[in-house]
Amino acid sequence: MQGDGIGVNAILNAIKKSSLEVRTLITTPLMLTLVANSCGNRANLPENLPDFFDALFGVMVTMHDESKPGYVRERSTLLSNSQFQGFF
């Protein structure tokens, strides 16, 4: 998020405009962080739960390790991200 508040305002507005079923899930700092990292400064959040969780899955699978410079986690599975997502 940008230091000048534009990113924060964009995310807050996107949450306010999102569907009730999505909005009611964003109740903890962890969920807010996942939303901020998955949606960035986009003006809208996914409207339905499957699309919302698809967006969050990408953050959980890749973004955490990518934030660590020079760190590459060895995968414990031969499944692709989309195959792995099928279990959720």
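Modeller: Patches are made of residues with over 30% relative accessible area and no salt bridge, with like charges joined within 9 Å and nonpolar side chains (Val, Leu, Ile, Met, Phe, Trp, Tyr) within 5 Å. Accessible areas come from the Shrake-Rupley method with a 1.4 Å probe, and for residues only the protein chains shown count as cover; a salt bridge is a side-chain nitrogen of Lys or Arg within 4 Å of a carboxyl oxygen of Asp or Glu. This is a predicted model, in which local features need pLDDT of at least 70 and side-chain atom pairs count only at pLDDT 80 or more, while totals for chains, interfaces and linings use all residues. Residues are numbered from 1 along each chain as its sequence is written, and side-chain values use heavy atoms, with hydrogens and water left out.

Biologist: Which residues make the nonpolar surface patch of about 400 Å²?

Modeller: One member lies in helix H5, residues 81-85, where helices (H or I, at least four residues) are DSSP runs numbered from the N terminus. The patch is made by Phe84, Phe87 and Phe88.

Biologist: Is Ser38 buried or exposed?

Modeller: Ser38 has its place in helix H3, and, not counting residues up to four places away in sequence, Ser38 touches Ala55, Leu56 and Val59, contact meaning heavy atoms within 4.5 Å. Leu56 in turn is in contact with Met31, Leu34, Val35 and Ser38, leaving aside its neighbours within four places in sequence. At 16% relative accessibility, Ser38 counts as buried.

Biologist: What kind of aromatic pair do Phe52 and Phe53 form?

Modeller: Rings of Phe, Tyr and Trp (its six-membered ring) pair if their centres lie within 6.5 Å, and planes under 30 degrees apart count as stacked, over 60 as edge-to-face and the rest as tilted. By this rule the count comes to two aromatic pairs. For Phe52 and Phe53, the separation is 5.5 Å centre to centre with 70° between the planes, and the pair is edge-to-face.

Biologist: Why is the pair of Phe57 and Phe84 tilted?

Modeller: This pair links distant parts of the chain, with Phe57 in helix H4 and Phe84 in helix H5, 27 residues apart. Phe57 counts as buried at 9% relative accessibility, whereas Phe84 is partly exposed at 30%. The ring centres of Phe57 and Phe84 are 6.1 Å apart, and the pair is tilted because their planes are at 50°.

Conventions
Helices (H or I, at least four residues) and strands (E, at least two) are DSSP runs, numbered from the N terminus. Buried means under 20% relative accessible area, exposed over 50%, partly exposed in between (1.4 Å probe, protein chains only).
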